[in-house]
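Here are my comments on the model you sent. Please read them with the structure open.

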Amino acid sequence: MTRLSRSTCKTLPYDPALVDIGIVHLGVGAFHRAHQADYTDAVLAKGDRRWAILGASLRSGETRDALAAQDYLYTLAQSDESGERCRVIASLRGVLVAPENPQALIEAMCLPSVKIVSLTVTEKGYCHDPATGELNDQHPDILHDLANPDSPRSAPGFLVEAIRARKARGARPFTVLCCDNLPANGRTVAKVVTRLAQLRSPDLGRYVAEHIAFPATMVDRIVPATTDADRARIAAATGLEDAWPVVTEAFTDWVIEDDFPQGRPDWAARFVTDIAPFETMKLRLLNGAHSSMSYLGYLAGHETIADCMKDEALAHFVSHLMNFEVTSTLAVPPDTDVSAYKQALLTRFRNPGLRHRTWQIAMDGSQKLPQRLLGTIRNRLKAGAPIDALALGVAAWMRYVTGVDETGGAIDVRDPLKDELRAKAGAAGLDAKRLAPALLDLEKIFGRDLPTDPRFTTAVTAALDSLIRHGSKQTYENFRSTHP
Ligand code: CS2
């Protein structure tokens with residue numbers, strides 16, 4: 001079959017050779033390619049050719065190897081109840097692989113045409129402490145980057161070195177646009193990058209604090225990892241072989257704080273002055289439900305989120321979590337109907353065209369729990385309100401990170417704290433009264449307040465005890481009986 005490329009693709013709305021690199025993007029995973037690259041493709045297609053993207057992988061060369069042979073073009077397949085629609089995205093104009101040549105990435109970030117450096121490096125990529133949002137200055141990559149500032153490994157290390165290099169050359173700085181699901185993502189990344197710059201020199205720290213803009217964003221699109229079945233189906237539909245297409249839903253949303261001193265593309269996003277209410281609503285309702293469902297569903301043997309939603313008792317749990325425990329903690333964003341938003345979420349979770357694996361979402365829970373569940377729990381406790389569903393979500397994470405499933409099989413737990421989690425779980429054994437306190441002791445996840453609040457510890461321990469004794473399915477079925 002013919003390979004997708006500039007010469008074989010007949011549907012490109014612009015010539016990818018005639019665009020300028022305006023954005024360097026760190027972390028060219030599926031999410032970036034289905035979200036920001038799609039919005040940017042539309043801008044280039046409308047005729048503003050200044051904003052093509054140069055991607056960078058901070059770890060492996062896989063994406064570059066797959067896309068280089070097809071001129072970095074790829075198919076975006078959008079799926080909803082009416083079926084799947086395929087379109088070729090041309091906004092990505094190259095991929096650098098940072099570990100192969102870190103200096104080349106720094107040079108790219110210093111290009112005069114580059115006005116924005118955006119990032120999707122996942123929660124753990126910022127080397128911060130998830131409970132406080134502060135840089136973890138003992139993180140191995142940060143220690144490496146302080147010792148080798150001109151050949152960094154971490155995203156903050158690349159940002160600081162490129163900011164320094166531009167400053168030394170008298171070039172105007174770029175805007176840093178974090179597109180990860182971190183709470184207050186702009187402010188959090190600003191804090192981390194400013195701190196790392198300070199550790200390099202007080203002068204550089206001051207420069208970052210005074211001159212670099214870090215607009216916050218709320219990004220939303222469900223993008224499961226691409227499978228071989230996706231590749232085969234998309235090739236059959238388009239007639240062109242594509243080594244790394246991306247499958248997503250038709251829905252997409254992007255809310256951005258409009259703070260781009262060097263200019264920005266005219267993305268079809270919502271530009272606002274305060275994204276906090278949008279972000280909290282999305283992190284707590286969508287991502288909070290996702291994470292809770294992923295642990296409970298995985299333990300119950302459900303492979304995908306759509307499978308979880310077919311399990312009526314689990315779908316009931318999700319609705320209860322959203323309606324009775326999360327909604328009361330939200331400040332409703334302007335022009336938003338929260339009921340309609342929740343209804344739409346349930347439909348999105350049910351999308352049969354997306355095989356979004358519970359195992360994929362279960363990854364990196366230590367980095368996700370604070371913004372997805374624990375902040376909500378703090379608000380509820382402060383209001384003296386029940387936290388039964390939220391506590392069950394946290395307990396399911398605890399049961400999951402023991403690394404042993406309900407049939408005694410191994411769980412492939414992926415988490416930067418995996419070893420610590422396994423050691424604690426191993427020492428405690430499958431006993432809720434020992435396991436819960438052992439994991440709650442992780443201050444970088446739970447802070448100091450939650451582990452000492454008996455309302456929280458009692459609820460989590462009871463939920464964990466039920467998960468251990470009765471299994472996940474029986475536990476959420478019982479939940480439905482007690483919370484009709
Ligand atoms: C998911 C998110 O993998 C996960 O943790 O919860 O990637 C989710 O699909 C997106 O945030 C949706 O916008």
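This is a predicted model: local features need pLDDT of at least 70, side-chain atom pairs count only at pLDDT 80 or more; totals for chains, interfaces and linings use all residues.

1. Five-stranded sheet. This sheet is open, with five strands in the order β5-β2-β1-β6-β7. The pairing is parallel. Its edges are β5 (92-97) and β7 (175-178), and each of these pairs on one side only. From one strand to the next, the twist averages 25°.

2. The β1-β2 pair. Strand β1 covers residues 21-26 and strand β2 covers residues 52-57. They run parallel, joined by five bridges. For a landmark, look at H25, which stands opposite G55 in β2.

3. Helix α2 lies across β1 and β2, at about 155° to β2. Helix α6 (residues 155-168) also packs on this sheet. α6 touches β1, β6 (116-119) and β7, and its direction makes about 175° with that of β6.

4. Three-stranded sheet. The order here is β4-β3-β9. This sheet is open too, but its pairing is mixed. β4 (83-89) and β9 (246-249) are the edge strands, each pairing on one side only. The strand-to-strand twist averages 25°.

5. The β3-β9 pair. Strand β3 (residues 74-80) runs parallel to β9, and four bridges join the two. Within this pair, L76 has V246 of β9 as its bridge partner.

6. Helix α9 (residues 228-238) lies across β3, β4 and β9. α9 runs at about 80° to β4.

7. Ligand shell. Which residues come closest to the ligand? They are N181, D220, K282, H290 and K368, out of 13 that surround it. The shell divides into four nonpolar, four polar and five charged residues.

8. An N or O atom in the side chain of D220 is 2.6 Å from a ligand oxygen. For K282, a polar side-chain atom lies 2.7 Å from an oxygen atom of the ligand. For K368, the corresponding distance to a ligand oxygen is 2.9 Å.

9. Cover and source of the shell. On its own, the ligand has 350 Å² of accessible area, and the protein covers 88% of it. β8 (217-220), α10 (276-299) and α15 (365-382) are the elements giving two or more residues to the shell. α10 gives the most, with four residues.

Key. Residues are numbered from 1 along each chain as its sequence is written. Side-chain values use heavy atoms; hydrogens and water are left out. Two strands pair if DSSP finds at least two bridges between them. Axes are lines fitted to C-alpha atoms, for helices over the stretch in contact, and angles run from 0 to 180 degrees between N-to-C directions. Contact means heavy atoms within 4.5 Å. A residue is near a molecule or strand if one of its heavy atoms lies within 4 Å of it. A polar contact is a pair of N or O atoms within 3.5 Å; within protein, one must be able to donate a hydrogen and the other to accept it, and residues adjacent in sequence count only if both atoms are side-chain atoms. Accessible areas come from the Shrake-Rupley method with a 1.4 Å probe; for residues, only the protein chains shown count as cover. Ala, Val, Leu, Ile, Met, Phe, Trp, Tyr, Cys and Pro count as nonpolar, Asp, Glu, Lys and Arg as charged, and the others, Gly among them, as polar.
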